[in-house]
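My entries follow the structure below.

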Amino acid sequence: MDRNFIEEGDERNVSKSNPRIYLFIIIFLVVALLAGLIYFFKVYTRSEEKISAKINKTEIYLNENLIYADNTNGAKKWVWEFGNGDKSTKQQGTYRFNKVGSYVVRLTVNENLREQFFVSVKDSVVHSIAQDTTLFISGSTNGIVLEEIRLEANGPGEIFEWWFGETGKVDAIGKSALYTYTKPGVYQVRLRSDKSSKFATHNIRIVDPAADINQLVTPGKGAQDALNDLKEKIQDIANGADFNSKYSYILSKYLCGDEKVKVNVEMDGQKKQMDIYAYLMGLTFSKGVTINEVTVESASTPNATKECPTLIKVKQSK
């Protein structure tokens, strides 16, 4: 057989197969490019997903509530971890640490989005305007009538004398002092030791929530003034004011310290019911909310001499 004929036939076969090879390569490259684009789109989309969560404070004291809430779009599952083994699967709530320390509070939303907050828990409020810097008082600066207050002396000495400002005489002796106020007011506590020539002083504010609440439920101008004040404080929270101070004010002045008081909310024809802290925390995520009307339902406490709210009704608009 003619060698030239064979070579020419092979060349024709190769030239016929080349277009198929090129087509396969082009199809492969197109598929690979599309797969890459889809992958990067998913990665980019996932990176754009962010948690919308917050806590009220990053520095708190023992027996003070940490308020937490999440408002992430599309969120259906939550796991809050408080850094000490405790967990919560609620969207929002409160938590109270029982030990001093630094904690990392972690939130996992829908099992894949994560956020963390650093929280420092301190032993007690230290407040001193002592004239003698070697002696000072530590303890709370707020209290409630008929609730026992505990203060600690810090500084040199073996004998410590306490004046709590209500009786005008020495009320306690010792490095730790316990006292129960019978009337609301702002008092100056004084402390002196046998090793200090000057007094240490400490201001403390005592409130009576049960007495204050009577202004809310008693008919007349006083009741309306109280409702207006309550409405104003709720509006302040909706407008972005400091949550912790407004929440504490509402809780102590109008709710007898009860965080479980229910709130019925009516807005745009829809009605919801939730706890007071969940409602007020939710307002911090809202924008342009106007509080139109606030009313209160109350019931007698066990001693039948005071009344505390059991339900708050709020009408609002946006």
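I counted two strands as paired if DSSP finds at least two bridges between them. Helices (H or I, at least four residues) and strands (E, at least two) are DSSP runs, which I numbered from the N terminus. The model is predicted, so I note that local features need pLDDT of at least 70 and side-chain atom pairs count only at pLDDT 80 or more, while totals for chains, interfaces and linings use all residues. Residues are numbered from 1 along each chain as its sequence is written, and side-chain values use heavy atoms, with hydrogens and water left out.

Entry 1, the sheet. I looked up strand β4 (residues 78-81) and found that β4 and β5 pair in the antiparallel sense over two bridges. Trp80 has Ser88 in β5 as its bridge partner. I then traced the open sheet, in which five strands run in the order β2-β8-β7-β4-β5 with mixed pairing. β2 (59-61) and β5 (87-88) are at the edges with a single partner strand each, so one side of each has no neighbour in the sheet.

I took a pocket as an open set of points on a 1 Å grid over the protein atoms alone, where a 1.4 Å probe fits, with protein on both sides within 12 Å along at least five of seven lines; lining residues have an atom within 4 Å of a point. The largest pocket holds about 1,500 Å³ of space, the volume being that filled by probe spheres set on the points. It is lined by 40 residues, and Asn63, Glu64, Ser140, Asn142 and Gly143 are the closest to its centre. α4 gives the most to this lining, with seven residues. By class the lining of the largest pocket has 13 nonpolar, 14 polar and 13 charged residues; I counted Ala, Val, Leu, Ile, Met, Phe, Trp, Tyr, Cys and Pro as nonpolar, Asp, Glu, Lys and Arg as charged, and the others, Gly among them, as polar.

I found about 550 Å³ of space in the second largest pocket. Of its 21 lining residues, Lys272, Met274, Gly282, Ser286 and Gln316 are the closest to the centre. The elements giving two or more residues to this lining are β17 (262-267), β18 (270-275) and α5 (276-283).

I recorded five helices and 20 strands. Of the 318 residues, 33% are buried (under 20% relative accessible area, 1.4 Å probe, protein chains only).

Key. Buried < 20%, exposed > 50% of the residue type's maximum accessible area, 1.4 Å probe, protein only.
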